[in-house]
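Please keep the sequence and the model open while reading.

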Amino acid sequence: ITSGDELLLSELMFHGVFNDLTTEQTVALLSCFVFSEKSKDEPPKLQEDLAVPLRVMQESARQIAQISNECKLRVVEEEYVASFRPELMDVVNAWCRGAKFSQICRMTEVFEGSLIRAFRRLEELLRQMCMAAKAIGNVDLENKFADGITKIKRDIIFAASLYL
């Protein structure tokens, strides 16, 4: 896994965090790993079905930071946790559920090009997570990540060219 924080993603996978989530929740949670731009949006008020997985991920990130500090690896806990940005979770969730590109653009202040870049990075992360799930023999998780790729890889975001 090279498209996101390998340690945290591995922890989440081995602790079964993704197992109980829907495909849409899983893809939305993974969006925190690929979106790194500063956003004018205030932190989103997430629905409970997205807020719970986010809290679990943030708690795992805190544990990693604390253990890293105990091992004399300097990690600023709050900066590390804040590096996983939830601004696009609602947007990604809506996209997975079939929203149009114009609808998701109205949901956020993030530029269209930045959205497209984030979705393409998310598809690459999903592909890597799919391979990781296959490597550990978790077929259900592999299928969930593959389904996530299918749900996001559509419309103008994955058009070969915008000048067709």
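Where is Phe-18 found? Phe-18 lies in the loop between α1 and α2, where helices are DSSP runs of H or I of at least four residues, numbered from the N terminus. The model is predicted, so that local features need pLDDT of at least 70 and side-chain atom pairs count only at pLDDT 80 or more, while totals for chains, interfaces and linings use all residues. Residues are numbered from 1 along each chain as its sequence is written, and side-chain values use heavy atoms, with hydrogens and water left out.

Phe-18 is buried, with a relative accessible area of 0%; buried means under 20% relative accessible area, computed with a 1.4 Å probe on protein chains only. Leaving aside residues up to four places away in sequence, the residues that Phe-18 touches include Leu-9, Leu-12, Met-13, Met-129 and Phe-145, a contact being heavy atoms within 4.5 Å.

## Helix α1

In α1, which spans residues 6-14, the residues Leu-8, Leu-9, Leu-12 and Met-13 are buried. Seen down the axis of α1, these buried residues fall within an arc of 135 degrees, so they line one face of the helix; the arc is that of the directions from the helix axis to the C-beta atoms. They pack against α2, α3, α4, α7 and α8. Gly-16, which follows α1, has a positive phi near 75 degrees.

## Cysteines

With a disulfide taken as a pair of cysteine sulfur atoms within 2.5 Å, the count is zero. Cys-105 is in no disulfide, and the nearest cysteine sulfur, that of Cys-96, is 15 Å away; Cys-105 counts as buried at 18% relative accessibility.

Terms used:
Buried means under 20% relative accessible area, exposed over 50%, partly exposed in between (1.4 Å probe, protein chains only). Helices (H or I, at least four residues) and strands (E, at least two) are DSSP runs, numbered from the N terminus.
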